[in-house]
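Morning, everyone. Please bring up the chain on your screens, and let's walk through it together.

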Amino acid sequence: MAKKPMPALNLYETDFYAWTQEQARLLRDKKWSQIDLPNLIEEIESLGKQQRQELRNRLSVLIGHLLKWEYQPQHRSRSWLATLRVQRRDTLRLLKDNPSLKSYLDDALQEAYENARDLAMGEALPEQTFPLACPYNLTEIMSDRFYPGEPSELVDNWGA
């Protein structure tokens with residue numbers, strides 16, 4: 001005796017992964033009337049929001065480390081340098097994979113800066129240390145040649 005599939009709504013609420021697999025099967029089989037359309041629409045919209053959130057998160061970490069790099073030169077490390085390089089590379093990949101996010105970059109930068117300041121303040125620096133608005137432009141932030149503040153041997157000797 002064949003098992004009856006669980007109703008889509010119930011499956012959505014009880015086993016999200018199984019629900020996604022069921023929806024994919026229904027789409028492949030063109031069983032339009034059986035698709036859980038309201039939840040499918042919600043999930044597709046959510047995917048776009050996740051990409052925007054990932055962009056903001058990456059920019060927050062990247063800018064936070066640029067602030068630390070500039071305002072705490074005595075604490076610079078290969079770890080900070082690696083974080084800057086990885087975040088830049090991953091942000092550029094995210095934008096390459098999702099070119100329409102470029103239109104959101106200015107807003108994302110403004111939203112990310114608040115978190116970036118918090119990350120930098122976590123290093124025991126007072127809030128007034130940092131400008132209220134992001135002191136770097138997007139070209140600088142994304143450039144693998146931009147390291148604010150005084151020059152560092154770490155950058156010159158990376159990979160040596």
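Which residue forms a salt bridge with Arg117? Glu127 does, and the closest N and O atoms are 3.8 Å apart. This is a predicted model, by the way. The pair links distant parts of the chain, ten residues apart. Glu127 is in the loop between H5 and helix H6 (138-142), while Arg117 is in helix H5. Arg117 has a relative accessible area of 10%, so it is buried. Glu127 has 46%, so it is partly exposed.

Step back to the fold. The chain has seven helices and zero strands. Along the sequence, the pattern reads α-α-α-α-α-α-α.

Next, the overall dimensions. The radius of gyration is 22 Å, whereas a compact globule of 160 residues would have one near 15 Å. Along the principal axes, the C-alpha atoms fill a box of roughly 70 × 35 × 30 Å. Of the 160 residues, 35% count as buried.

What about contacts? Take those between residues at least 6 apart in sequence: 68% of them join residues at least 24 apart.

On to charges. There are 21 positive and 24 negative side chains. The centres of the two sets lie 8 Å apart. How many salt bridges does the structure hold? Seven.

Here is another one of them. Glu111 pairs with Arg56, with the closest N and O atoms 3.4 Å apart. Glu111 lies in helix H5 (residues 105-121) and Arg56 in helix H3 (residues 37-71), so this bridge ties together parts that are 55 residues apart in sequence. Arg56 counts as buried, because its relative accessibility is 18% and the cut-off is under 20%. Glu111 comes out at 39%, so it counts as partly exposed.

Helix H3 comes up again. Arg58 and Asp90 meet in a salt bridge, 3.4 Å from N to O. Arg58 lies in helix H3 and Asp90 in helix H4 (residues 78-97), so the pair ties together parts 32 residues apart in sequence. Arg58 counts as buried at 19% relative accessibility. Asp90 is partly exposed, with a relative accessible area of 22%. Both values sit on either side of the cut-off: buried means under 20%.

One last item. Which residues are linked with Arg58 and Asp90 in a network of salt bridges? Glu54 and Arg93.

Definitions and conventions: Residues numbered from 1 in each chain as written. Predicted model: local features only at pLDDT ≥ 70, side-chain atom pairs only at ≥ 80, totals over all residues. Heavy atoms only, no water. Helix = DSSP H or I, 4+ residues; strand = E, 2+ residues; numbered from the N terminus. Rg over C-alpha atoms; globule rule 2.2 N^0.38 Å. Buried < 20%, exposed > 50% of the residue type's maximum accessible area, 1.4 Å probe, protein only. Contact = heavy atoms within 4.5 Å. Lys, Arg positive; Asp, Glu negative; His and termini not counted. Charge placed at Lys NZ, Arg CZ, Asp CG, Glu CD. Salt bridge = Lys/Arg side-chain N within 4 Å of Asp/Glu carboxyl O.
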